[in-house]
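I opened my notebook today to look up a few strands and their partners. Come along as I go through the entries.

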Amino acid sequence: MRSDAVLLLKKLVDLAGGPLERGYVLALEGEGLDEIPSEIHTRSANYLIHRPRTELEIRRLLWKSNGAPFIALVPEDLARRLPPDIVRRAQGARVQALDPIDVLGTVLGVRLSGNDDPELLSLALAHVHELKGLIAERTLPTVIDRRLLDELVIDACVDRRVRSEPPARLLALWLQSPPTFEPALLALLKRMLPVLHGHEGRLLAWALEAPARLQEIVTCGLLLNLSEKPGDVVWGDLLWTRNHPKINLAERPLRESFSRLAEETIVALGAEASPWLLKAEERGRRVLDKTALAKSTVLPLGLDNACDEFAQRLDAGEALPDVDLDPLRRHRAASARQTDLWVLREMARLSRFLATPDEVAETVEAHVQRYLRDGAFADLTAARLRRALAATVTFQHPAERLLTRYRARRDALNLAFAQLLAGGYQRALHAHGVIPLHRLWRDLALPASTGGLFVVVMDGCSYPVFLDLLDELARLDRPTLGLKFNRADRAAGEPALAPLPTITSHARGAIFLGEVPKDPWAAETLWRDTEERVSDPARFRQNPALGDRTRKLFLKAELADGGVALRAALRDPAIEIVSVVFNAIDDQIGSANTGAMVRVEAASIGGFVPSLREALGAGRKVLLVADHGHSPWWGRDLRVGAGATPRFKELAAGEDPPEGWIELDLQGLGGRPGRWAFAWKMGSHQGSPQVGFHGGCSLEEMVVPMAWIEEGGLTADEPTWWFGATRTDAPAATPTVPTSPRKPKPTTRPVSATAPQPELFTVAGAASPRSIDLRPMGLPDAVIATLDPTEQLALWLLARNGTLRARDLAKALAKPLGRISGFMTRLRRTLRPMNLDLFQVETLPDGEEQFRWVGPSLAGGSP
């Protein structure tokens, strides 16, 4: 730059004795003097600048200047040939020259000290302008010493990331773009990397001597910690570092340094790591046995072996908690096996369901509640497992065997329920604690609604599908949507039953008419094509339970405008009750696309989510209900014959029900008299294949969603086996609430022999699990009996710790953080009728909830 050249020219004048009004300065050309001005101004005189190339040109300049000051910049070979008279006449009587330190100090504006390495100075001069920019970015130093100049030159010549990035990131960059450094720069890097990055810096400096070594650090380093004493063949080219004088590390720390650097480099490479992982795995297959490779937390083969072992344990009948999957999720290669890990997660969840005891349910209410609490979640898990299996070829056989065991368990539950129906259908449909569909207005909707009401009917939505929709609603952009507590103060649907047969014409008619229809049962296709548009509105108008309340019903045809008219009706306060039918789920299960595991998403149902938001925004209560559920397709081997009604049929005289079906007397509740059989076995059907079937008497068809929806609501309470323990071992598994370790203050006082702080337990359970006893808190046995194991555990942990953050409680109870607030709210509601106020809720400055125990401690005092 010309400004730098001016500074250097003035430096030459100062070296020649300072500016004078007469005379000239003879100087060598050099670094920084490529672009020069024609004249410089000093305090005493103005110097013209010339570049003479011969002695004659210098003499002509002397004659023409007539004593006026100027600077003659000459090449070195000319300076050596100049006669003595020309040199003696110059200021200082010599040819002036700037050494590299003078040039750098002048341009940078900072004095250099202790820099005598010619290669380093040459690099600095070649990048002097970059150095000047780097100096401008920092506080101006008093002096630039050797260390600072090294760092500045590295930043200018290579990349400032050499100093700021960790060694693994540097290695990743050099693997992706192999470096080619000139000898002087390479020598500088080899000198500085150990200073900047310690042991790993020494390894990188060694590797830069031969770029192929960079790959060896990864491909061999990933294998070094997989055996206690790796042989020379495992070390590969890294073997030469064991006695390298500049590395100077013992074998064990050297091996750990290589392993750590290799693993961190794989993380830094991210999705680009595959080539080096494959090379390391290929090398590992040659030099290590399969057992050693299985220990790897980085190589894909290690994850493959760990996944296979996990699947084998599940196949053998073990019930594995979700935390057992954490090492697999943390594996470096986990991102490439997400679908397989999804399969294993759902398999493990299903295994825990199968490990729960088969409770005896003697009443209809007990059967329905058990299905809402356990069976529906098992059905949801099976559906997710089948979706995951559709995307991978691994674990197909163990998963199919697990699903077979699950179906046998669920079929047994369905059969027990069907036999209860056979003992008296009318009594079962109207059992205590259960809401039949035709009484939803009288028993639930109207008593709970004082203002406007919005009733959403999801055609064909089984309770497992409803749970899936709830999960999606909870992930919407704020405000999210979810469940309101049911009448039992649970985050769950109300126990509700659809009438038999569970077909649209009959079950939906029960909703809108307010009583069980007496009309003949219409086939699904006939109903959708001809009768739905007439019968449903007519029945809605005739509903005696609604009295003179204004009402309006929207069917598929009225939703063709994208739900514009529906949202307008929801805003109209003159319409007291608005109801809508969404057919997306029933349309899906009625298709023959059994080869695709299609999931109907809430956001993909036209007008569904917008109408919920509109209704809640207008101050309406929102009740979501289904007319019937469905039993999914499980295979052609479950087909029992031809017929237009997949899951029910009329029996001829002397005819026995097909296998998986049961004869039921509906006692005059709809349809024509006769002998009727209904399917209870999952997937059993007659007629053509479909994604889902309905009409039968299984739990998944008759137990329907019926729940209030609100902004900021909850997802359904999961069973105890959903994340971790099964119901039998949940009380013994007393998880740890993690606490930050604190160093004890130094003291000279003797430590008193007081009882130590009680230990907490890991989520997987302590080595010596303790039983939970809540009686010292003053809780009667009758109250304790009403609390499930998770609620008992929450109270026990609070009493032992005094205060717990929501995140700590979530980890301890193996629940998602978003569920803790609703869980604890429900627990307080459970205790309130008994005048038990055992804990308080506080909001911390960061917005997180903290729970504080205010009841008696387990020892009888304050916790």
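Predicted model: local features only at pLDDT ≥ 70, side-chain atom pairs only at ≥ 80, totals over all residues.

Entry one. His-41 belongs to S2, as the range 39-41 told me. I then looked up how the two strands run, and found S2 and S3 (residues 46-50) antiparallel, joined by 3 bridges.

Entry two. What is the strand order of the open sheet of 4 strands? I read it as S1-S4-S3-S2, and the pairing is mixed. S1 (24-28) and S2 are the edge strands, each pairing on one side only. From one strand to the next, the twist averages 25°.

I checked what helix H2 (residues 55-65) lies across, and found S1, S3 and S4 (70-74). Against S4, H2 runs at about 175°.

I moved on to S12 (residues 577-582). Is this strand mostly covered or mostly open? Mostly covered: 6 of its 6 residues are buried. I sorted the side chains by direction: Ile-577, Ser-579 and Val-581 point one way, while Val-578, Val-580 and Phe-582 point the other.

Which strands pair with S12, I wondered, and in what sense? S8 (residues 453-458) is parallel to S12 over 6 bridges, with Leu-453 opposite Ile-577. S11 (residues 551-554) also pairs with S12 in the parallel sense, over 4 bridges; here Phe-554 has Val-580 as its bridge partner.

Last, I traced the path from S11 through helix H27 (residues 564-571) to S12, and noted a right-handed β-α-β unit.

Conventions. Residues numbered from 1 in each chain as written. Heavy atoms only, no water. Buried < 20%, exposed > 50% of the residue type's maximum accessible area, 1.4 Å probe, protein only. Pairing = 2+ DSSP bridges. Right-handed = clockwise from strand over helix to strand, strands pointing away. Axes fitted to C-alpha atoms, helices over the stretch in contact; angles between N-to-C directions. Contact = heavy atoms within 4.5 Å.
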